[in-house]
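Hi everyone, and thanks for coming.

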Amino acid sequence: MIQIGALGFATPWLLLGLLVLPILWWLLRATPPAPVRERFPGVAILLGLEPPEKTPDRTPWWLLLLRMVIAGLAILAFAQPLLNPRESLRGDGPLRLVMDGGWASAPDWDARIAAANDVLGRAERAGITVQLEILAREQEVAREAEILTAADARARIEALEPAAWPPNRFDLFARLEADAGDATQTVWLHDGLDGEEQFGPLAAKLAEVGELRMVGPEVTVRAVLPKPPEGGGLGAQVLRASAGAEATAQVIGYSAEDDGTRRALAVAPAAFEAGAMSADAVFDAPLELRNRIAVLGIEGQNHAGAVSLLDDRWRRKRVGLVSGERPEGGQRLLSGTHYVRNALETSTELREGAIDDLLEANADVIVLIDVGAFPDQEAADLLAWVEEGGVLIRFAGPTLAATADEQRNSFGAVDDPLLPVRLRPGGRDLGGAMSWGEPQKIASFSPDSPFAGLEAPEDARINKQVLAEPDIDLPTRTWASLTDGAPLVTSDKRGDGRIVLFHTGADPRWSTLPLSGLFIELLDRVVTFGVGGDAQAGVEVTGFWSPLSLIGADGVLRDAPEAAKTIEGALLGKAASETAPPGLYQAVGGAEAGALRAHNLLPADATLAAAPPPPENAIIETLGARKETELKSWFLALALGLLMIDALAALALAGKLRGAVAAALVACLAFGAADPALADEAEKRAVRAALDGSLGYVITGDEKSDKIAAAGLYGLTRALIERTSVEPGDPKGVNLETDELAVYPLIYWGISDKQPRPSDEAIARLNEYMRRGGMLLLDTRDRNLALGSGDTPGLRAMRRLTSGLDLPPLSPVPEGHVLRRSFFLLDEFPGRWDGGKVWVEAAPPEDIEKVAEEGAFKNDGVSPVMVGSHDWAGAWAMDDRGRRMLPMSGRNGERRRELALRFGVNLVMYAYTGSYKSDQVHIPALLQRLGQ
Amino acid sequence: MSGASQLSADAVAASSSLPPLLAEAERAAASIWGVHGRRSAGNGETFWQYRHAQPGDSLGSIDWRRSGRSDELFVRETEWETAQSVFLWPDSSASMQFQSKNVRTTKARRAAVLALATAVLLERGDERFALMREDAGRIMQGRTGVDRLATALSFEAGEQPESGTPPEVSYTAGARGLFISDFFGDMDALGAALSKAIARRVRGVMLQVVDPVEEAFPYSGRVLFESIGGGMRYDADRAESLREAYQKRLSERRDALREMARTAGWHFAIHRTDTPVTPALMMIYQTLQSKKVSG
């Protein structure tokens, strides 16, 4: 094996043949060009004629060169050139195959398995045994290095799944430290991430004990973490391991629905600056929507790191409510607690109780309504809590005012550390019977205030308030004021926390502010603005926690298996590991019994680090990139092509080219004309399909299933023509890559595992098709489909084929869905198979109609996609003589075929008329019109 | 293939190729008008009429057998004939099969047309003709003779020698001969054949048919010349330099042929395949018709 750059030669001694080339040159030069042969009767006369001169023409130099190149290429070709050649493995000892197998390996898992199989294949050829190390599965795989045959190792690898946690590189390092083993060479399929700085030492160790070949991915993965932005709200941080160029990642916030599906609610872009390792994203969505977000995901990435769970800590602030009001005899509407409770109930987790209890319960915000004085101990606790980051919101009221009067000090003003400003005793009464002034309006909010942008309502009037002592700091501490300049809301920092004082009451007696919508907005702002940063940082988690659901390596949340182990709370705050896989955990017993806690792959302050440079003597390969390519055939083809050119040139020199040129031109034209003709054909088909309203089926490339799909749609078309006024033309095969999709009302896609994944453009066009009102019927045809769990070949194929497809969240067809009554009344949708569910786009829950208005649900609620496993095309299939092609299974088979056809009719009706049949709004108008 | 179907295939081939050749020959002959049979007494072999002897007739000319049957003297007159028979040799050897790019006929076909047209003209004068072939040589006459000649000429003989020489036939004494060839073959063989004809007092025409290319020699560059039969080759490195030498040799050969014809009392002429048939045919006919043929 000789290697020059990326080019190697398997039988390099043949290259000696190149030495012959100069001799060949000399020989070719000495030989005159081939003579023109002429038939000529006058030869008899020529015979014996001595030619007057004999100067043979020389072969032109360029023709000589061409021939030398041909000869050279032929020699190179037989030396078996290889692009990116793989050195054969050494045959002197076992091979250690190390696979990371962690979360970052999941996106290119197939490539890794292929690379591993390739290595094992070479090991098999070299006749050596294999020692398999899966770093992320240290606990599952037997610790003592087992010596496997290549075939056994391959079986293990085929059964291997990526883990949802990082690989544990330390254990292997430690084992190698103890005993280097007898493997002489190592292939390490790593993920390019340096978790806990174990990468470098392990690489060095592996290189030390034998020859090391490191296969890593071209691009490392990204990961997402929840990270509240400055000033509160919901945000995320996207991490990357290499400081590259500018890039943008979309972070999607999903809700977790009760049925286990998830629904995209909001999108936030995270823009990496050039050279930055992380980028922040902020969700700019209404609070209610924000609070529904339970999972963050990076768009287009499906691995455990691209998913981050949010538990209650991230969503709702814990707000404690303490009322110092005197009971008003059950008059709720006069109680400030009522208004504050209503304002905060939906967006926060509200608790009411004594201050002690609230401090104990780790409240983020404590609202004190008209609480005047505290016991000293309580005041100190409260102040300490504020200084640790708590937010104290106080509303004024008679009690507070009275306390302020009592606590006047020598300067005449109240100096309470739990108030942001000093209060003047007495307060202020406006517009009352005994006062001169009019009730004051609220002045518009200054742009520096956290309330900036809110609109002060005209009708909110302040009748009574407590007044702040004029102070040099007062303007900076004022968040809102009245039109006459008196402060309405003041705030001051205390340590990490903040104290906010509303200078008026929380009930409508002092002002009409609690009655206005502004009240809610003000509170919301104060709560979100006040609680900045990680409220949980530093909080020790104790007790035992058992997983409810776990994040799979593909980034999908699944119910935890029965065997999942309960873990110590202390593990939850740290990075996920094999012991503590990422997921949603529930506390078992202890103080927090029943509390939910999300355990994410990466801890809150994590970063992604790229692997350090590998040891110098290690051989570096890129995963999937270095594919050994045999070039022999290419070299020979090139030589052959040049040989043809040479033949043409020789013909031209001999003056015999005319016919040959014509033939060559014809060939060129034929090749050139082929493409436009194809494109033309596709367009014609589209036009025909549009005019006929033909049904379409996806050409999968699997001949048999394509035939059935075509026959199935033909059968359905016949049924439609017979039974309805829909008269489609003959069904058309749709090539996702080239054909226009928009002309088909319905496209049937029978999933075949033989179909290659459509290109990204094709997927984009399918997305566009669905977005613009097209309907896609996905049929896995393998009789049992349960989304979310279970795994059938058809489902796997579907996942593979539709990855990247913008599918909405799906749910089984609900009772009363239009599909059940768009033409026939149907209870079930059998195809060739019975049972199983048919999935359509999940209906929007009632309570978020606002979302619907905002356009999250397109197409008037008509599902753009339908997923089932019933092999409908098989049931519909009819040959051109009208005979059914496939038998129906089981009893009542023909009845089910009839039902299948009815389903098909309903489906086409649904595709054409959408939700028209469910539109009850117009029924009264229609009845009235009928009556006339 | 069975005998019967072979026969029918031959018949089809014959009927398809016979008319064009014959028609072409007829067309050529038709352009020469006003020449037909003498139908008058003269120097010939065939009995024409008896007539009364007149003063001046030699005694030797009186037919005594006829005169004895009556009281008067009769003279037996024979029909006036130019030539008793014409022996036709259209060369069909390999070198005659040549046809250059811008010419519409091969030399052999042109030779066949000329021979057949001559036969047509001869038939008009009730004269006789024979095809000189190894397997033929029978004297033919009349319309049937023309048809048979046409058939014979239409059938390509199989393997042909590189260049032809007139085959040996038994000439009728005093007959005429028409040799049509390119005369690129052996001169000695031709001379021998010619002297055999002279021995039987046969005179006639030697017509050299050449393709224009054979005179112009328009070749250049490295050319490998091959004879039509493939038997002879000449490798010319620079063909253009050979042109002069070739043309010189050609005219030398022609001079030799002319000389050979002159000494034998034959007429030598040259015909190029890109020129019309008629002048050559005219020349042939007039030469054959004249009482004395000479070069």
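**Where the chains meet, and two looks inside chain A**

Let's start with a strand pairing across the two chains: strand β3 of chain A, residues 36-39, is joined to β8(B) by four bridges, and the two strands run parallel. If you want one pair to find on screen, take Glu38(A), whose bridge partner in β8(B) is Phe225(B). Please keep in mind that this is a predicted model.

Across the interface, 23 residues of chain A are in contact with 29 residues of chain B. On the chain B side, the elements that give two or more residues are β8 (223-226), β9 (233-236) and α7 (243-264). Which of them gives the most? That is α7(B), with five residues. By type, the chain B side divides into 14 nonpolar, 10 charged and five polar residues.

Next, a helix pair within chain A. The axes of α4(A), residues 109-126, and α5(A), residues 150-158, come within 9 Å and cross at roughly 170°. Because angles over 145 degrees count that way, α4(A) is roughly antiparallel to α5(A). From α4(A), the contact includes Ile113(A), Ala116(A) and Leu120(A), while α5(A) brings residues including Ala153(A) and Ile157(A). Seven residues of this contact are nonpolar, two are charged and one is polar.

One last stop: helix α10 of chain A, residues 336-345. Its buried residues are Gly336(A), Thr337(A), Tyr339(A), Val340(A), Ala343(A) and Leu344(A). Looking down the axis of α10(A), they fall within an arc of 165°, so they line one face of the helix.

Definitions and conventions. Residues numbered from 1 in each chain as written. Chains lettered and ligands numbered in written order. Predicted model: local features only at pLDDT ≥ 70, side-chain atom pairs only at ≥ 80, totals over all residues. Buried ≥ 20, exposed ≤ 12 C-beta atoms within 10 Å, placed from the backbone. Arc of directions from axis to C-beta. Contact = placed C-beta atoms within 7 Å. Nonpolar A, V, L, I, M, F, W, Y, C, P; charged D, E, K, R; others polar. Pairing = 2+ DSSP bridges. Axes fitted to C-alpha atoms, helices over the stretch in contact; angles between N-to-C directions. Parallel < 35°, antiparallel > 145°, perpendicular 65-115°, else oblique.
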